[in-house]
Amino acid sequence: MTPGLIERLKSGDESAYRYLFDQYYAPLTSFAFRFTRSYEISKDVVQNLFIRLYQNRHSLSIQSDIKSYLYKAVYNSSLNELKRENLRDEHHQHYIAEHVVTQYDQAREETEKEHKIFKAIEQLSPKCRQIFLMSRIDGMKNHEIAAELGLSIRTIETQISQALKSIRKTVRSIYNFLFAV
Amino acid sequence: MKDPGIELLERYFNGSVSDDEANTIEAWIRENRIDAEALKLLVTFPEGLRLMFSLNHEQDWLALKQKLPLQRAVTLPHFLLRVAAIVTLCIAVASVLYLSTTSDSKTITVSNAGKLVKKIALPDSSVVYLNTGAELSYRDDLRQARTVSMKGEAFFEVKRDLSHPFIVKVQQCKVQVLGTSFNIFEDTSRVEVTVATGRVALQSQDSGKVYLEKGDKGWYAVTTATLQKAVNLSRNYLSWKTGILEFSDTPLNEVAADIGKYFDVNVSITGAQGSLPAYTSRFEKPDLKEILEEMKLTLPIQYTIEGRNVQIMIKS
């Protein structure tokens with residue numbers, strides 16, 4: 001962790017909050033979504049966490065690491081939001097009964113793995129990233145992407161191959177990096 | 001062995017492939033020691049991952065920031081603080097004057113405190129990559145007046161717009177382009193611009209202007225206040241962004257300099273370099289030890305790493 005981060009958070013230093021936001025906003029929101037099933041509520045949960053963190057900064061005492069602290073706080077708030085929603089619809093109720101209660105560890109682990117992939121994709125060159133996301137997020141076939149971008153199918157295949165290769169490599173090096181330090 | 005293609009992989013993870021196809025894919029996974037779990041996430045793209053891409057990171061940060069009265073970190077000596085206070089006052093007066101004459105445009109500052117390169121998409125579709133520790137500021141009405149300022153190191157891919165020149169302010173220099181890509185590195189001793197594509201004008205307040213073409217680099221030396229220009233010989237000026245370090249008949253001291261910059265370490269060399277052969281190799285997202293170990297195989301050297309200090313000893 002960045003040295004003095006807790007002290008900088010306590011002093012209200014913008015760069016420290018920005019750092020936390022950059023590192024954790026995407027994974028925490030995604031983590032909240034696993035429980036709340038709502039994009040808007042998940043964003044609110046994480047934004048409110050940052051606001052509380054700031055308001056309580058003077059009495060901040062983090063026993064474990066800050067990452068666990070943030071995940072745990074998002075978990076608790078998400079469950080509270082669910083209760084407040086009063087389990088309106090049946091699907092929701094069913095989902096909560098099935099999935100939520102004990103699955104903190106597993107949900108966090110899955111989110112962190114997805115976040116690693118997210119960061120690796122962010123590192124791709126703009127063109128490669130665009131093609132890869134068209135394929136994976138928009139669910140477009142290679143020939144559809146080729147037609148849309150005015151490129152050959154061969155080029156699309158090569159770009160996606162490159163994306164797969166380079167993402168795997170980055171994921172591996174992030175993994176090594178985490179455990180080498 | 002080439003990967004089986006995204007469409008086949010997708011069918012594999014959906015369970016709709018023939019036994020032959022499954023065998024081919026599994027052989028490929030084994031042969032390349034692929035983390036099958038990561039591959040599955042990458043191919044099936046579950047909703048948690050999708051959601052991360054759907055967030056508007058920058059906009060959500062600004063929304064949050066408005067709710068927090070955060071402080072800007074200030075670590076300056078006393079007299080500088082006084083100067084800063086006066087300057088701030090002037091700026092405050094200036095911005096009040098300015099704000100009263102324009103609509104409510106805001107300055108957005110993005111800094112990279114993390115370990116990974118940060119990518120910023122600007123409102124005019126230009127893209128900026130920030131190296132660790134770098135900072136970029138721009139106004140949210142950038143589309144009308146394309147002027148930004150920066151500190152540290154950044155790579156710019158500027159969207160072509162002939163009627164709106166794109167200007168980067170860095171120290172007392174101005175870098176002006178129409179649509180091109182280039183790297184800017186800035187520290188206390190220099191501002192250095194290296195052009196990847198297109199044409200760039202580098203201008204300083206006190207010593208005129210140089211034009212740089214693709215493959216050139218130009219720099220402003222702070223101490224002598226001079227502008228200079230040369231052909232860029234470094235293959236590694238973009239290593240911080242690409243993760244690739246490449247050496248081709250490179251003398252050891254240049255290798256050491258590139259490694260030092262890439263890993264943010266101090267590299268010192270002891271022993272006579274005179275008879276040492278030049279070094280040739282290529283690394284993708286390497287770690288420090290990996291490079292030094294590989295150098296040891298072809299060069300008569302030993303090395304030690306202590307914290308941020310790396311020492312390379314040439315054996316006589």
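Tutor: Chain B contains nine helices and 19 strands, where helices (H or I, at least four residues) and strands (E, at least two) are DSSP runs numbered from the N terminus. This is a predicted model, in which local features need pLDDT of at least 70 and side-chain atom pairs count only at pLDDT 80 or more, while totals for chains, interfaces and linings use all residues. Residues are numbered from 1 along each chain as its sequence is written, chains are lettered from A and ligands numbered from 1 in the order in which they are written, and side-chain values use heavy atoms, with hydrogens and water left out.

Of the 316 residues in chain B, 39% are buried, where buried means under 20% relative accessible area, exposed over 50%, and partly exposed in between (1.4 Å probe, protein chains only). The accessible surface of this chain is about 17300 Å², with 53% of that belonging to carbon and sulfur atoms; such areas come from the Shrake-Rupley method with a 1.4 Å probe, and for residues only the protein chains shown count as cover. Among the contacts in chain B with a separation of 6 or more, 41% are between residues 24 or more positions apart, a contact being heavy atoms within 4.5 Å.

Chain A has nine helices and zero strands, so that the elements read α-α-α-α-α-α-α-α-α from the N terminus on. Here 50% of the 181 residues count as buried, and the chain exposes about 9300 Å², 49% of it supplied by carbon and sulfur atoms. In chain A, residues 24 or more positions apart account for 65% of the contacts with a separation of 6 or more.

Turning to the pairs themselves, side chains of opposite charge can pair when their charged atoms come close. A salt bridge is taken as a side-chain nitrogen of Lys or Arg within 4 Å of a carboxyl oxygen of Asp or Glu, and by this rule the count over all chains comes to 28.

One of these pairs joins B:K65 and A:E14, whose closest N and O atoms are 3.3 Å apart. This pair crosses between chains, from helix α5 (residues 57-65) of chain B, where B:K65 lies, to helix α2 (residues 14-36) of chain A, where A:E14 lies. B:K65 counts as partly exposed at 24% relative accessibility, whereas A:E14 counts as buried at 10%.

Another salt bridge is formed by the side chains of B:E10 and A:R136, at 2.8 Å from N to O. This pair also crosses between chains, running from B:E10 in helix α1 (residues 6-13) of chain B to A:R136 in helix α7 (residues 126-136) of chain A. B:E10 is partly exposed, having a relative accessible area of 27%, while A:R136 counts as buried at 5% relative accessibility.

Within chain B, the salt bridge between B:E135 and B:K151 has its closest N and O atoms 3.8 Å apart. This pair links distant parts of the chain, since B:E135 is in strand β4 (residues 135-139) and B:K151 is in strand β5 (residues 147-151), 16 residues apart. Salt bridges also link A:R18, A:D22, B:E58 and B:K118 in a network.

Charged side chains outside such pairs can be described as well. A patch of positive charge on the surface gathers A:K165, A:K169, A:R172 and B:R33; patches are made of residues with over 30% relative accessible area and no salt bridge, like charges being joined within 9 Å and nonpolar side chains (Val, Leu, Ile, Met, Phe, Trp, Tyr) within 5 Å. Lys and Arg count as positive and Asp and Glu as negative, with His and the chain ends not counted, and the place of a charge is taken as NZ of Lys, CZ of Arg, CG of Asp or CD of Glu. A:K169 is in helix α9 (residues 153-180) of chain A, and this lysine is partly exposed, with a relative accessible area of 39%.

Leaving aside neighbours within four places in sequence, B:R282 is in contact with B:I244, B:L245 and B:E246. B:K285 is found in the loop between β17 (279-284) and α9 (288-298) of chain B, and has a phi near 40 degrees, a positive value in a residue other than glycine.
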